[in-house]
Amino acid sequence: MNKLLQQALEAHGGLDKWNSFDKISATIVSGGELWPSKGIHVDTSPRRITADTRRQRTTVSPYGAPDFVMTFVPERIVIENGKGETIAERADPRAAFEGHAVDTPWDPLHRAYFSGYALWSYLASPFLLAMPGVEVEEIAPWTEGQEQWRVLRATFPASFAGHSPVQEFYFGPDFLLRRHDYQVDVSGSFLAAQYVHDMVEAGGIIFPSKRRAYSRKADLQPDTDRLLVWIDLENFQFS
């Protein structure tokens, strides 16, 4: 295993500890300028998200109505009511983004797929970098203020549902995650730099409780005037 990855995993609580759990849940509140650009009303009501720890599966509730639940897996999105009846579903959901630009409107299932894979990735970071088929390499460090952050570039397998096949993860001197870079391929491949902070501990695992994704410039600097997505997380629980 890559040495930096090993150090980062240990700093966040350890891979063995992570793998001892089946699911991680948290309460989320989110917003940002991405949603209006997609024709989506910004709803800052709290929701509960649950992610499997060893495979890409996410549920979000409530979703659109008080008793609706959204379930994401890479090959299918479904929204169900409290009786388990299907309200809407889409197989091969990634294909529905073909030809999309930054300002292409999204329907509820577009948003569900994006939220499902993104939230799973965020809750599973950095442990997802140790999944089978993920290749990592350390690249040039990044200077942020008074700190130098070491950077892992990850290449994900074709079966992985994510923002882009290649993403960068920045770690501080304490080996905790500081930043996550990617391009959003389902929305015209725009560049993003997501900063994470306000770390909390749950079940022996360290999580950032705040995430702020900015538009990223060509020189890798964030455009702090453009906050695309903000996410606040709390009440982390494992099962």
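Residues are numbered from 1 along each chain as its sequence is written, and side-chain values use heavy atoms, with hydrogens and water left out. Because the model is predicted, local features need pLDDT of at least 70 and side-chain atom pairs count only at pLDDT 80 or more, whereas totals for chains, interfaces and linings use all residues.

Of the 6 residues in S2, 5 are buried, where buried means under 20% relative accessible area, exposed means over 50%, and partly exposed lies in between, with a 1.4 Å probe and protein chains only. Two strands are said to pair if DSSP finds at least two bridges between them. Strand S1 (residues 23–31) runs antiparallel to S2 and is joined to S2 by 6 bridges, with Ile24 standing opposite Ala51 in S2. On S2 there is also an antiparallel pairing with strand S3 (residues 58–61), through 4 bridges; here Arg48 has Ser61 in S3 as its bridge partner, and a hairpin of 5 residues joins S2 to S3.

A further antiparallel pairing, over 5 bridges, involves strand S5 (residues 76–80) and strand S6 (residues 86–91), in which Ile79 is partnered by Ala88 of S6. These two strands form a hairpin with 5 residues between them, and in the turn Gly84 has a positive phi of about 85°.

The interior can be described through nonpolar cores, each a set of buried Ala, Val, Leu, Ile, Met, Phe, Trp, Tyr and Cys residues joined through side-chain atoms within 4.5 Å. The largest nonpolar core holds 63 residues, and Tyr117 and Leu129 touch the most other members. Helix H4 (residues 108–124) gives the most to this core, with 11 residues. Apart from it lies another core, of 7 residues, among them Trp149, Val151, Tyr170 and Ala193.

Aromatic rings of Phe, Tyr and Trp (its six-membered ring) pair if their centres lie within 6.5 Å, and planes under 30 degrees apart count as stacked, over 60 as edge-to-face and the rest as tilted. By this rule the count comes to 19 aromatic pairs. One of them is the edge-to-face pair of Trp120 and Phe160, at 6.2 Å centre to centre with 65° between the planes; Trp120 belongs to helix H4 and Phe160 to the loop between strand S8 (147–155) and strand S9 (166–171), 40 residues apart. Both Trp120 and Phe160 are buried. Phe207 and Phe238 form a tilted pair, at 5.8 Å and 35°, and because Phe207 lies in strand S12 (residues 205–216) and Phe238 in strand S13, the pair ties together parts that are 31 residues apart in sequence.

Two individual residues complete the picture. Asp223, in strand S13 (residues 222–238), is buried yet has no salt bridge, the nearest side chain of opposite charge being that of Arg226, 5.1 Å away; a salt bridge requires a side-chain nitrogen of Lys or Arg within 4 Å of a carboxyl oxygen of Asp or Glu. For charge, Lys and Arg count as positive and Asp and Glu as negative, while His and the chain ends are not counted. Gly188, found in the loop between strand S10 (177–184) and strand S11 (190–202), is partly exposed, with a relative accessible area of 40%.
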